[in-house]
Amino acid sequence: MDLHADQIQGFFDIPTDNVYARPVIIGDLWKHRPENLTIVSPDVGAVVRARSIAEQLEAQFAIVDKRRPRPNVAEVMNVIGDVEGRTCVFIDDIVDTASTLCEAAQVLSQKGALAVKAYCTHPVLSGNAIERINDSTMDELVVCNSINLSEKAQKCNKIRQLDVSQLIGEAIRRISIGDSVSSIFVD
C-alpha cells in the first residue's frame with residue numbers, strides 16, 4: 001500500500017499491485033473538509049501525490065522546501081504558496097520520527113496558517129514521534145491502519161486512524177475475479 005517509490009514493484013518476481021490509500025484519504029477530507037483548504041506537500045518527493053489530491057478537492061496547493069543534511073534530519077527552507085489564513089493539510093506516505101512534519105507545521109503556523117493537519121498512510125512513529133506530535137503546533141495527524149498503532153499512539157489525542165480494510169478487500173476481490181485493481185484509483 002502506497003509504496004514509497006513506484007520502482008519498488010520491480011523488486012518483486014510476482015505480479016504486484018500498489019494499492020493507494022488515496023480513496024480513503026479523499027473520502028475523509030471531503031467528510032471533514034475545512035474552509036480555506038490548502039493541500040501541502042511536505043517535500044518535493046510528495047508533490048505529485050499532494051497536487052493530485054488538491055486538484056481533486058479543488059483546493060489550493062503549497063510545497064514545503066526542505067533539505068536533509070543527514071538521515072532523519074530535515075531543515076525547512078521555504079514555503080512555496082500562500083498559507084496565511086488557511087487550513088493546511090499535509091499529504092505524505094509515511095511518518096517516521098515526525099521531526100520534519102512537526103517542524104514544517106511550526107513554519108506554516110508562523111506563516112499564518114489557521115490550522116495544520118497531516119494525512120500519512122503509514123504511521124511508523126519511531127523514537128519520540130508521539131511526544132513531538134503532542135508538543136507540536138500540528139492540530140491533527142490522520143493515519144491509516146496499514147501499521148498497528150502502539151498503545152502510546154492510540155492514546156494520543158492528536159492522532160486519528162482511518163480503516164483501509166474495505167479498500168484492501170476490494171483489491172483482493174478484483175484480483176480474484178480478474179478485474180482491474182487500478183480502476184479503483186481512477187478519478
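Analyst: Rolling a probe the size of a water molecule over the atoms shows where empty space is left. Here, searching the whole structure gives one cavity of 30 Å³ or more. On a 1 Å grid over the protein atoms alone, a cavity is a set of points where a 1.4 Å probe fits but cannot get out, while a pocket is an open set with protein on both sides within 12 Å along at least five of seven lines. This is a predicted model, where local features need pLDDT of at least 70 and side-chain atom pairs count only at pLDDT 80 or more, though totals for chains, interfaces and linings use all residues. Residues are numbered from 1 along each chain as its sequence is written, and side-chain values use heavy atoms, with hydrogens and water left out.

User: Which residues line the largest cavity?

Analyst: Its lining (residues with an atom within 4 Å of a point) consists of Leu29, His32, Pro34, Val89, Lys117, Tyr119 and Glu140. The largest cavity holds about 40 Å³ of space, where a volume is the space filled by probe spheres set on grid points joined across faces, edges and corners.

User: How many residues line the largest pocket?

Analyst: There are 33, with His4, Ala46, Arg49, Asp92 and Asp93 nearest the centre of the pocket. The space in the largest pocket is about 760 Å³. Elements supplying at least two lining residues each include α1 (22-31), α2 (47-57) and β4 (87-95); helices (H or I, at least four residues) and strands (E, at least two) are DSSP runs, numbered from the N terminus.
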